[in-house]
Amino acid sequence: MTSKVFTKLLGLFILLLVAQTVVMEFIFHSFVEHAESGTMRSIGREALWAGCIALAIAIPLAAWVASRLSHRLQRVVDFARRIAGGELSARLPAEGKDELSLMESALNQTAERLGNNFTELESGRDELAVMLDSMQEAVVAITPSGYIRWSNAVMQSIAGPRLVAGRPLVHSVRDPELLACVRGVLERRELCVGRASLLAPGRVFEINAAPLPSGGALVVLHDVTSIEIAQKSRREFVANVSHELRTPLTSIQGYVETLIEDPNPSPETTLEFLGVILKNASRMNRLTEDLLALASVESPDYKLSLQPVRASVLLQDAIDSLGGMVVDSGVKLQSAGAPDSLVMADPDAMHQVFGNLMENALKYAQSGQRIRTGARQLASEVQFTIQDFGPGIASEHLERIFERFYRVDKARSRESGGTGLGLAIVKHIVQAHGGRIWAESELGNGASFHFTLPLAPAPQSAPQPQPAQQTPATSGV
């Protein structure tokens, strides 16, 4: 481009000079024809030579001026190419105050303004990306043609490496509800709300998809798995409580109706029916107490009165207070001993833990006729064990026996008056102490329930006073 400009400028200068020379030659030639021949011919030759000399000087000067203009235009072209390539820091050198200099200054101002705007856009985009990545919700932007435009870190962690910008959404996500929502937004330009359960195994997401002003769609996924689990747990809890209450209530109602319908029941029948009614009423009362205890230990306001207690004292107190219950059942209670280590515990809460575990062991210890208790010290905690020698627990039940209302043998538990809440209460109390609880068992070899309590921090000993140094006495001379 600049070579063409240079050629045109140089040609224009030469054309102007040649035209000027031709006009001057014509004027002088006409003047010479009407003047004296000798003098005018001399003047004409001098004028011709002057024109040739002027032409010889003007042509290099024109070439230099054209080269300068071409060079400045070439810098403008290079500057435009650098700006188009994203190099917004490029600038043109300011030279003079002519029209080209004014144009160069205006271009520099435009480039500076573009650079500032681009920096602000980059900063805003980075801040938006950080904000979206810090969100707990998964966010993904979709182009009008259904391709992935952008996604935050949460969405990438959910969908995995298949979620790549520039790839069709249908090739990265297999959940039909999510794809249907996105398709509806792209086609009808309307908000769409749904629920995705196949996006990640075991997780449920609430879908909120909205159209973007520039086309495409923005999808926000909110993880509602914990809410779904809580609602399911609540439904199961209500169903279990209703079932547990319905059985004794039905029994009480039936026996009361029988007594009312019989005008002259025998004393033996009346006594038998009242005994059954009392048994079911006691069962309902125990269920109510366990429900209140479970609600208390699950409450965020549940507080423990932790204090340093020796593990041996804690275990012996449990044996002394609960030993009568074990002896009355005909089962022998054995103690394997416990260390004298100090643990942080609430004695009243631990009494409830030992009581529930021993009562649970009594239900299955009849065949083994004995229960063994003990404790041993670990690195930073003390492990307590209550073992029965009954039929044992199948491995598929071990992970769930601490759930509310979960029973290994439902018929046997209800017959013995169990509510299915004892082990759940124990788990929450132990965890509130900062401990762990688990069960180990083999069919035919009984079951062992283990829980841990953290060791009490070692007391800081007070610094011993330093003995006063005696100054040796000096004798006078």
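Let's start in strand β11, which covers residues 437–441 and is where Ser441 sits. This is a predicted model, so take each position here as part of a prediction. Ser441 has a relative accessible area of 18%, and because the cut-off for buried is under 20%, Ser441 counts as buried.

Which residues does Ser441 touch once its neighbours within four places in sequence are set aside? The list is Gly392, Ile393, Leu398, Gly446 and Ala447. Take Ile393 from that list: Ile393 and Ser441 are 48 residues apart along the chain, yet their C-alpha atoms are separated by 5.6 Å.

## The chain as a whole

Stepping back, the chain has 477 residues, and 35% of them are buried. Its secondary structure comes to 12 helices and 12 strands.

Taking contacts between residues at least 6 apart in sequence, 60% join residues at least 24 apart.

## Val140 in strand β1

Now for another strand residue. Val140 belongs to strand β1, residues 138–142. Is Val140 buried or exposed? Val140 is buried, with a relative accessible area of 1%.

Beyond its neighbours within four places in sequence, Val140 is in contact with Ile148, Trp150, Ser151, Met155, Ala217, Leu218 and Val219. One of these, Trp150, is 10 residues from Val140 along the chain, and the two C-alpha atoms are separated by 5.7 Å.

## Helices α6 and α7

On to the helices. Two packed helices are described by the angle between their axes and the distance between the axes. Helix α6 spans residues 225–261 and helix α7 spans residues 267–298. Their axes come within 9 Å and cross at roughly 160 degrees, which means that α6 runs roughly antiparallel to α7.

The crossing of α6 past α7 is left-handed. Sorted by class, the residues in this contact are 17 nonpolar, five polar and two charged.

## Helix α12 and its two partners

Helix α7 also packs with α12: the axes of α7 and α12 come within 9 Å and cross at roughly 25 degrees. That angle is under 35 degrees, so α7 and α12 are roughly parallel to each other. The crossing is left-handed. From α7, the contact takes in Asp290, Ala293, Leu294, Val297 and Glu298, while α12 brings Ala424, Ile425, His428 and Ile429. By class, the contact of α7 with α12 divides into six nonpolar, one polar and two charged residues.

The other partner is helix α9, residues 347–364, whose axis comes within 9 Å of the axis of helix α12, residues 422–432. The crossing angle here is roughly 145 degrees, and the crossing of α9 and α12 is left-handed. On the α9 side you'll find Ala349, Gln352, Val353, Asn356, Leu357 and Asn360. On the α12 side are Gly422, Leu423, Ile425, Val426, Ile429 and Val430. How many residues of each class make up the contact of α9 with α12? Eight are nonpolar, four are polar and none is charged. Ile425 and Ile429 of α12 are named in the contact with α7 and also in the contact with α9.

## Two loop residues

Let's finish with the loops. Most residues other than glycine have a negative phi. Arg189 is not a glycine, but its phi is positive, at about 55 degrees. Arg189 is placed in the loop between α5 (176–188) and β3 (192–196). With 38% relative accessibility, Arg189 counts as partly exposed.

Lys303 is found in the loop between α7 and β6 (307–310). Its relative accessibility is 68%, and because anything over 50% counts as exposed, Lys303 is exposed. Where is Asp346 relative to Lys303? The two are 43 residues apart in sequence and 9.7 Å apart in space, C-alpha to C-alpha.

Definitions and conventions: Residues numbered from 1 in each chain as written. Predicted model: local features only at pLDDT ≥ 70, side-chain atom pairs only at ≥ 80, totals over all residues. Heavy atoms only, no water. Helix = DSSP H or I, 4+ residues; strand = E, 2+ residues; numbered from the N terminus. Buried < 20%, exposed > 50% of the residue type's maximum accessible area, 1.4 Å probe, protein only. Contact = heavy atoms within 4.5 Å. Axes fitted to C-alpha atoms, helices over the stretch in contact; angles between N-to-C directions. Parallel < 35°, antiparallel > 145°, perpendicular 65-115°, else oblique. Left-handed = near helix turned anticlockwise from the far one by under 90°. Nonpolar A, V, L, I, M, F, W, Y, C, P; charged D, E, K, R; others polar.
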